[in-house]
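This report concerns a single protein chain.

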Amino acid sequence: MMQGAATAATTSASGASSWSRSTRARAAAVASRHAGVAAAASSSSSFGPRGALAAAAPQLPLLRVRGGGCRLRPLSLLSDSGRNGEVAKAAAAAAAAAASVPADDGADAAARGEGAGAGGIAATVQLGAMIVAWYLLNIYFNIYNKQVLGVLPLPLPYTITAFQLAFGSVLIFLMWATKLHPAPRLSAAQLGKIAPLALGHMLGTVFTNMSLGKVAVSFTHTIKASEPLFTVLLSGLFLGEVPSLPVLGSLVPIVGGVALASFTEVSFNWTGFWSAMASNLTNQSRNVLSKKLLADDKDAMDDINLFSVITVLSFLLSCPLMLFVEGVKFTPGYLQSTGLNLQELCVRAALAGFCFHGYQKLSYLILSRVSPVTHSVANCVKRVVVIVSSVLFFSTPISPVNALGTGAALGGVFLYSRLTRTKKPKNA
């Protein structure tokens, strides 16, 4: 930029012989100011777009395990260079595409005031920013969570789950205490209905962490793409809903794609596979039970408070399991004996907990602004972005057949989301 500014000033001076001396002086002053700005920008270019913040932010030392060769790179959220830059750009592009997906119900969009004009543009920009944040938080949750789970000397899914839920619970109580969202008034009957949902939420998170600790992030999310299969089975079993033939047909590429990806997955092992399947079962059981238990609740809470209460109850339920299963193993003395950097381990675990709670809260906020069809499409795109970003960040080897299976499964999920929103299932 300095060289360009100087060249421009020289060319202007040589081509304007008719100018007065005062005009030349003003031009030279402008050129010198441009050169000064260019020099300032050049001095901070090595720190990325947020040069001052990145320069001031201290980088933690590497997190290592003695003798195991396992390490974590220093935190680099503030820099858009390298792998994090590729991940952020991919997420932003996909989020922009998802934000531009129109809702199928035009009347609903009109009722929400999403018309043309300055207000409509501002609402679209705000929605796009929320989707970008939703995607980025989900991506970084998976990255930090995988790094923490991968570096631990022992698998500690219950402890990591309790830590993540505890972090979310603290944020929830801060939200209620600062009046950012009104706190709910709960009755004993409501707590009794929500407790099974919290148990399913907690177990689903535990099984997801188990899977992430054993296999690649991309493979875990490919298996989790088979959630519609469990939704159809559980809805038919507990709610008596019979899906249409097109909906059943959309399950074929999902099941076939997951099977094809599993056969060709380099990191495949049965523990990671069945843990991801168990996560699908528990998460969809929570969703189906919520319809069954809360459908006729006259004092039903809003989505934000329902999710918040589920999170707090999930944390309380996770503590006994953590202490019983892993409490003896997870001690500072033991971890120090393994050579772990406890400071960075806690920092990354806290970041994972923040991202975990943040992306789920944003999901509810986005759902309140768009139609269910638009949200399901954006959620399907999100899974694609998470898979691609994890492959880029961790340099996961992907064969053409594996990519074909993943693509088929995700395509089936997209088709399923469209069919289930346009046609209501028949009641048995």
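The model is predicted: local features require pLDDT of at least 70, side-chain atom pairs count only at pLDDT 80 or more, and totals for chains, interfaces and linings use all residues. Residues are numbered from 1 along each chain as its sequence is written, and side-chain values rest on heavy atoms, with hydrogens and water left out.

**Overall composition**

The chain contains 17 helices and 4 strands, taken as DSSP runs (H or I of at least four residues for helices, E of at least two for strands) and numbered from the N terminus. Of its 428 residues, 42% are buried, meaning under 20% relative accessible area with a 1.4 Å probe. The accessible surface amounts to about 21,400 Å², and carbon and sulfur atoms account for 67% of that area; the areas come from the Shrake-Rupley method with a 1.4 Å probe. Where residues at least 6 apart in sequence are in contact (heavy atoms within 4.5 Å), 87% of the contacts join residues at least 24 apart.

**Helices packed on α12**

Helix α12 spans residues 270-294.

| Pair | Crossing angle | Axis separation |
|---|---|---|
| α9 (residues 217-224) and α12 | about 40° | 9 Å |
| α10 (residues 227-239) and α12 | roughly 40° | within 9 Å |

Because of its angle, α9 is oblique to α12; oblique covers what remains once angles under 35 degrees (roughly parallel), over 145 (roughly antiparallel) and 65 to 115 (roughly perpendicular) are set aside. The α9 crossing is right-handed, that is, the near helix is turned clockwise from the far one by less than a right angle. From α9, F219, T220, I223 and K224 take part, meeting residues of α12 that include F273, A276 and M277. This contact comprises 5 nonpolar, 5 polar and 1 charged residues.

Helix α10 is likewise oblique to α12, and that crossing is right-handed. Among the α10 residues involved are F230, L234 and F238, while the α12 side includes M277, L281 and V288. By class, the α10 contact holds 7 nonpolar, 6 polar and 3 charged residues.

V309 lies in helix α13 (residues 303-325). With a relative accessibility of 4%, V309 is buried. Leaving aside residues up to four places away in sequence, V309 touches W176, P184, L186, I194 and M301. P184 is 125 residues from V309 along the chain, yet their C-alpha atoms are 8.6 Å apart.

Methods: Buried means under 20% relative accessible area, exposed over 50%, partly exposed in between (1.4 Å probe, protein chains only). Axes are lines fitted to C-alpha atoms, for helices over the stretch in contact, and angles run from 0 to 180 degrees between N-to-C directions. Ala, Val, Leu, Ile, Met, Phe, Trp, Tyr, Cys and Pro count as nonpolar, Asp, Glu, Lys and Arg as charged, and the others, Gly among them, as polar.
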